[in-house]
Amino acid sequence: MATSTTITVSGMTCGHCVASVKEEVGALPGVTSVDVDLESGRVTVDSEGPLSREQLDAAVAEAGYEIVA
Ligand code: 9UX
């Protein structure tokens, strides 16, 4: 079932940060789009099914950032 998940990521300060987060989160299974708002740190992830917090935490950490909410 199509799912939209919004998280807040700390530490992103530039377009390269955004690209890294998009790449790692976008590689999670079933993810169809990742939108990042640099100003707010809001990351909206659309996926074919639910994503676990653990999966998201791991992907964001892989990019070098942290989920704060
Ligand atoms: Mo450049 Mo964005 O180090 O962290 S990729 S500011």
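Q: What makes T5 count as buried or exposed?
A: T5 has 18% relative accessibility. Buried means under 20% relative accessible area, exposed over 50%, and partly exposed in between, with a 1.4 Å probe and protein chains only. So T5 counts as buried.

Q: Before we go on, what sort of model is this, and how are things counted?
A: This is a predicted model, where local features need pLDDT of at least 70, side-chain atom pairs count only at pLDDT 80 or more, and totals for chains, interfaces and linings use all residues. Residues are numbered from 1 along each chain as its sequence is written, and side-chain values use heavy atoms, with hydrogens and water left out.

Q: Where is T5 found, and which residues does T5 touch?
A: T5 is in strand β1, residues 3-10. Strands here are DSSP runs of E with at least two residues, helices are runs of H or I with at least four, and both are numbered from the N terminus. Leaving aside residues up to four places away in sequence, T5 touches V43, T44, V45 and L56; contact means heavy atoms within 4.5 Å.

Q: How do you know that β1 and β3 pair?
A: Two strands pair if DSSP finds at least two bridges between them. β1 and β3 have six bridges, in the antiparallel sense.

Q: What about β2 and β3?
A: Six bridges join β2 (residues 31-37) to β3 (residues 42-47), and these strands run antiparallel. S33 stands opposite D46, while V31 stands opposite S47. Their hairpin has four residues between the strands, and G41 takes a positive phi near 80° there.

Q: What is the strand order in the sheet, and which are the edge strands?
A: The sheet is open, with four strands in the order β2-β3-β1-β4 and antiparallel pairing. The edge strands are β2 and β4 (66-67), as each pairs on one side only.

Q: Why is S47 called buried?
A: S47 has 3% relative accessibility, so against that same cut-off S47 counts as buried.

Q: What makes the S47 and G49 pair a polar contact?
A: A polar contact is a pair of N or O atoms within 3.5 Å; within protein, one must be able to donate a hydrogen and the other to accept it, and residues adjacent in sequence count only if both atoms are side-chain atoms. A polar atom of the S47 side chain lies 2.6 Å from the backbone oxygen of G49.

Q: Which residues are around the ligand?
A: They are T13, C14, H16, C17 and Y65, where near means a heavy atom within 4 Å. An N or O atom in the side chain of Y65 is 3.4 Å from an oxygen atom of the ligand.
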